[in-house]
Amino acid sequence: MNLSDPERADAIAGEYVLGTLRGLARTRFERLVRTERRLADAVRSWEERLVPLAEGIPPLDPPLRVWTAILARIQSAAATSRAPASPRIGVGWWRGLALASVAVAFALAVALFQTASERTQGTIVIVLAGQDAKPALLVSAERSSRYLSLKPLAPLAVANDRALELWLLPDKGNPRSLGLVSTAAPAGIARITLPATADQALQNIPALAVSLEPKGGSPTGLPTGPVLYSGPVQRLY
Amino acid sequence: MASDPAKQLERNARLMQLLARTALKDQAAFAELYRAASPHLYAVALRILRDAAAAEETLQESFVNVWHHAGSYVASRSQPLTWLTSIVRNRCLDQLRRREVDTVTMDDEDEGVTIAAEGPTPLELLLAGADARAVQGCVDALEAGQKQAIALAFFQGLSHSELARNLRQPLGTVKSWVRRGLERLRGCLDRAGVTR
């Protein structure tokens, strides 16, 4: 690759931005761009010429899990820089929620409800599990009721300046907050009021999630902290 | 995205502000940046990689990178969406390069790259993009072969040899289409004032 001729160097910068400069030549050129101002300027000019042409592509909403994974990673990076022992929530954890443990948790939920001798006909159950796939929170509702019952299955300890927030994860669009999860009474059952009957409020909602937020809840209306627990919405009818 | 120049300016100003706040580790700004830019960036990645899982992965990597290096945006002196799109495109092209290395031992028969059957063709996208940026004249001035080759390379990430197979032309022909097409575009776009 002869880059001493400015015309030639500029043409190569153009093929680099277009994408046709490939293989070893691309790697070598990339390395040179980092050190040679003249090449970096040529690349920037080509980006200004060509890249805005990509705006003809119809935009497409990425699935929600991309944002969840990004948040988990930047949060854990921040946590790691403060406390090295903090666990890293990886890319695949959401997708990789072990099916087996979810099944176990689900069976547990069903069993809980059957022993409570309640009508299982119209019940909605969500078992939220953590990264380790251990069930942490049981959320349930009668389909016609206007509240969710929350029962912690493990101690939900958070720092004094933090809160746990419960989210609806819709098919499409952003998560919607359902409110804060009380961590005060670990043994008790807490209630969260719904805007409509459980049946309607959870329509087109495949899953719920709990994120770690500042005290008082997310200031943005979207999860800002790592997702600690999540689980699929199961309808027993 | 926005095709009206006033809206483009407004959007760019907003994205710049969000990038500046992201550089200060403001998560709310970062969330808004993601909401504003991810549908465009995801569509760009999906076109090049033609694989939803790979496009999601690339988008994720790109935004984590933006979170950590938003500060270097200021130094780049680029338009915000151009800067973001370039990050995503470069990562996509890296992915393609890795795929090429992975498949180099496989029988490299005349297996043309599948072009997405749904939605607009690369050529239509090029024309739409030129329209959105008010540089239709520059794209119209390209010869048909140059236009095809540049559209396929830019939107689908096709290499010279993939272009040759897809357009059923000798390698030398498509190489010169790309080279001459780029030369012509540069002259016209610079006259139109797209570079500073």
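What follows is a conversation about a predicted model with chains A and B.

Biologist: What makes up chain A?

Modeller: Chain A has six helices and eight strands. Read from the N terminus, its elements go α-α-α-α-α-β-β-β-β-β-β-α-β-β. Of its 237 residues, 38% are buried.

Biologist: Why is strand β7 of chain A called largely enclosed?

Modeller: A residue is buried if 20 or more other C-beta atoms lie within 10 Å of its own. Seven of the eight residues of β7(A), which spans residues 207-214, are buried, so the rest of the structure largely encloses this strand.

Biologist: How do you know that β7(A) is paired with strand β4 of chain A?

Modeller: Two strands pair if there are at least two bridges between them. Eight bridges join β4(A), residues 162-169, to β7(A), and the two run antiparallel. One of the facing pairs is Leu166(A) with its bridge partner Val210(A) in β7(A).

Biologist: What makes β7(A) and strand β8 of chain A a pair?

Modeller: The cut-off is again at least two bridges, and β7(A) and β8(A), residues 227-235, have five, in the antiparallel sense. Here Ala207(A) stands opposite Pro232(A) in β8(A).

Biologist: Which residues is Val210(A) in contact with, leaving aside neighbours within four places in sequence?

Modeller: They are Leu128(A), Leu137(A), Leu164(A), Glu165(A), Leu166(A), Val181(A), Leu228(A) and Tyr229(A). Val210(A) also belongs to the largest nonpolar core, which has 106 residues. Val210(A) is among the members that touch the most others, together with Leu128(A), Leu208(A), Ala45(B) and Ala153(B). Helix α2 of chain B, residues 27-49, gives this core its largest share, 13 residues.

Biologist: How many residues does each chain bring to the contact between A and B?

Modeller: Chain B brings 48 residues and chain A brings 39. On the side of chain B that touches chain A, the largest share, twelve residues, comes from α2(B). By class, that side has 27 nonpolar, 15 polar and six charged residues.

Biologist: What makes helix α8 of chain B mostly covered?

Modeller: Eleven of the 13 residues of α8(B) are buried, and the cut-off for that is 20 or more other C-beta atoms within 10 Å. Among them are Ile150(B), Leu152(B), Ala153(B) and Phe154(B). From first C-alpha to last, α8(B) reaches 18 Å, close to the 18 Å expected at 1.5 Å a residue. The helix is followed by Gly157(B), whose phi is positive, near 70 degrees.

Biologist: How do you know that the buried residues of helix α1 of chain B line one face?

Modeller: The buried residues of α1(B) are Leu15(B), Leu18(B), Leu19(B) and Thr22(B). Seen down the axis of α1(B), they fall within an arc of 100 degrees, so they line one face of the helix. The face turned away from that buried side carries the exposed residues Ala6(B), Leu9(B), Glu10(B) and Ala13(B). Just after α1(B), Lys25(B) has a positive phi of about 65 degrees.

Biologist: Why is Arg14(B) called partly exposed?

Modeller: Arg14(B) has 14, so Arg14(B) falls in between and is partly exposed. Arg14(B) lies in helix α1 of chain B. The C-alpha atoms of Arg14(B) and Ala36(B) are 9.5 Å apart, with the two residues 22 apart along the chain.

Terms used: Residues numbered from 1 in each chain as written. Chains lettered and ligands numbered in written order. Predicted model: local features only at pLDDT ≥ 70, side-chain atom pairs only at ≥ 80, totals over all residues. Core = buried A, V, L, I, M, F, W, Y, C linked by C-beta atoms within 7 Å. Buried ≥ 20, exposed ≤ 12 C-beta atoms within 10 Å, placed from the backbone. Helix = DSSP H or I, 4+ residues; strand = E, 2+ residues; numbered from the N terminus. Contact = placed C-beta atoms within 7 Å. Nonpolar A, V, L, I, M, F, W, Y, C, P; charged D, E, K, R; others polar. Arc of directions from axis to C-beta. Expected span 1.5 Å × (residues − 1).
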